[in-house]
Amino acid sequence: MTEPQILLEGFLQALAAGLLVGAIYGLMCVGLAMIFGIMRVINFAQGDFMMLGMYVAFFILVGLGVNNLFGATIGPYVAILLAAPVLLLFGYLIHRLLISRVTGARTAGLEGEGHYAQLILTLGIALVLQNGSQVLFGSQLVSIRTPLSSAAWEIGPFWGDFVSVFINKGRGLAALFSVLAILGLWLVITRSRLGRSLRAAADNPEASTYMGIDVDRAYRTAFAIGTCITALAGGLLATNYPFHPFVGLEFVIIMYAGVVLGGMGSILGAFWGGMTIGLVQQLSTLVLPTQLQNTAIFVCFLLIVILRPQGFFGRVVERT
Amino acid sequence: MLNVENLRAGYSSVPVLHDVSIEVGAGEFVSIVGPNGAGKTTLFKTLSGTVPAMSGSIRFDGHDLLAVPPHRRPHLGIAHVPEGRQVFPSLSVLENLEMGAYTEAGRRSWKENLKRIYSWLPVLAERAAQPAGTLSGGEQQMVAIGRGLASAPKLLMLDEPSMGLAPTVADFIFDRLMDIRRDAGLTILLVEQRVAEALQFADHGYVLETGRVVLAGDSRKLSADDRVRQAYLGM
């Protein structure tokens, strides 16, 4: 291989890795976009909801015998899919019991729309989930293993006999599922009656009441969907990423950056925000040492926010 | 249709309304006029349930309204077009109207209703795809009225539809309201600071001052009343 061929292959490989990781980051961000971007609820426990999604998928896989039933290839994906409704219910209950006290109609007229209370409450929930998980699950790394994670598709060679891109099958599949999930959610939010009522409740809770919408229920539904989506992303990530009870901390910041990059209130924007972060993270390894990956992400984040404060898809319309 | 008796309501423990009684019969156009701070908007919010009642009763179409949670009241046939328009800014004009049709009745008659709303307020058809937050004040007021009509209500409650609008725009909106009333035979309850217009179009009127009804009756008689003429009509 010649020097340019090596460079090109390195670049294409990083680009492919960025797109695949970016799709999963995108799904995570979309989950937070439901809660923070659309409903404007600050949730610092989002990363820990993702961690729970990972553990629930793991225990469904090994504990409930899904692995034996469906085999090692399909089993993990069945477990991840089954974990989603569990986390939907979890999100629903957490909102009903705790978060509802600091969101929705109750805080609509308050200064900061209840953000101060949300900040403290969700930080508290995050701590309880992290420490509780450490007690229950231990602190050693676990992963949702699938043989697909150690197999790859080869694309190429593009340049004579050289320059091929290898796509990890596990990551490829996870990215595909992520994109499908986002498209499904996007259709629900933009086209369905439910989606419209959620956006209306976020836009103007008081006027929504005058339309006959149960605003508290709308907030609860959005919260549950957001929790479920991020947990689904966690499960998909876990097929390639060993995890532990504190894994949420690494990702909650990425999620917030993705939502802000994409533009508050936009589902597709959050996806592109997450995608951007994945791409920057992977492409930066070409020129920077890996320890600086996260630094590169936030330097790019700052640059984009300076140039385009409303994010890629941000709306310029003021909220009431 | 709507019967409010001895209503006392307000924020926390401070009452804004003291002992308010009003009545709106089916098909009537009733105006409530009065100065700033009289409690007109609070009365509407109490009817819709976003301000709690302290005592008294509200009956609507055979229901005890105070026993119905706020978000169920629109489904009984009450459309509240709130003060300051309060459109959903990030939703398109059409989506705003669709939100109006969130009630069972609104969904059933959505297609015919939309056609009628567009015929009364053609600008909404032109702007259907535009986010409501980007419209002018007058257009947003039309969105708010259209949204109220989309619920196929029995009672349309309008809170200061002329607020913040240029006089010609406000006149246009009042003309449309008269068209809508004539075509649809709707029962309308209007709160307004433009006292002359509010009484000119109404069957009955109430004058609300500092949370109490101080005058009530046939709107023509009210317009002729010396106190009303001096205080509100500048004569």
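Tutor: Leaving aside neighbours within four places in sequence, B:Thr41 is in contact with B:Glu83 and B:Asp159. Keep in mind that this is a predicted model.

Student: Okay, and which secondary-structure element does B:Thr41 lie in?

Tutor: Look at chain B's helix H1, residues 40-48, and you'll find B:Thr41 there.

Student: Is B:Thr41 buried or exposed?

Tutor: The general idea is a cut-off: a residue is called buried when its relative accessible area is under 20%. B:Thr41 has 17%, so B:Thr41 counts as buried.

Student: Back to that contact list. What joins the side chains of B:Thr41 and B:Glu83?

Tutor: For a polar contact, you want a pair of N or O atoms within 3.5 Å. Here the two side chains make one at 3.2 Å.

Student: Which elements each supply at least two residues of the largest cavity's lining?

Tutor: From chain A, that's helix H7 (205-211); from chain B, strand S6 (78-81) and helix H6 (137-150). S6(B) gives the most, three residues. The lining includes A:Tyr210 and A:Met211, along with B:Ile78, B:Ala79 and B:His80.

Student: And how do the lining residues divide by type?

Tutor: Five are nonpolar, five polar and one charged. B:Arg147, one of the lining residues, belongs to a type that counts as charged.

Technical notes
Residues are numbered from 1 along each chain as its sequence is written. Chains are lettered from A and ligands numbered from 1 in the order in which they are written. This is a predicted model: local features need pLDDT of at least 70, side-chain atom pairs count only at pLDDT 80 or more; totals for chains, interfaces and linings use all residues. Side-chain values use heavy atoms; hydrogens and water are left out. Helices (H or I, at least four residues) and strands (E, at least two) are DSSP runs, numbered from the N terminus. Buried means under 20% relative accessible area, exposed over 50%, partly exposed in between (1.4 Å probe, protein chains only). A polar contact is a pair of N or O atoms within 3.5 Å; within protein, one must be able to donate a hydrogen and the other to accept it, and residues adjacent in sequence count only if both atoms are side-chain atoms. Contact means heavy atoms within 4.5 Å. On a 1 Å grid over the protein atoms alone, a cavity is a set of points where a 1.4 Å probe fits but cannot get out, and a pocket is an open set with protein on both sides within 12 Å along at least five of seven lines; lining residues have an atom within 4 Å of a point.
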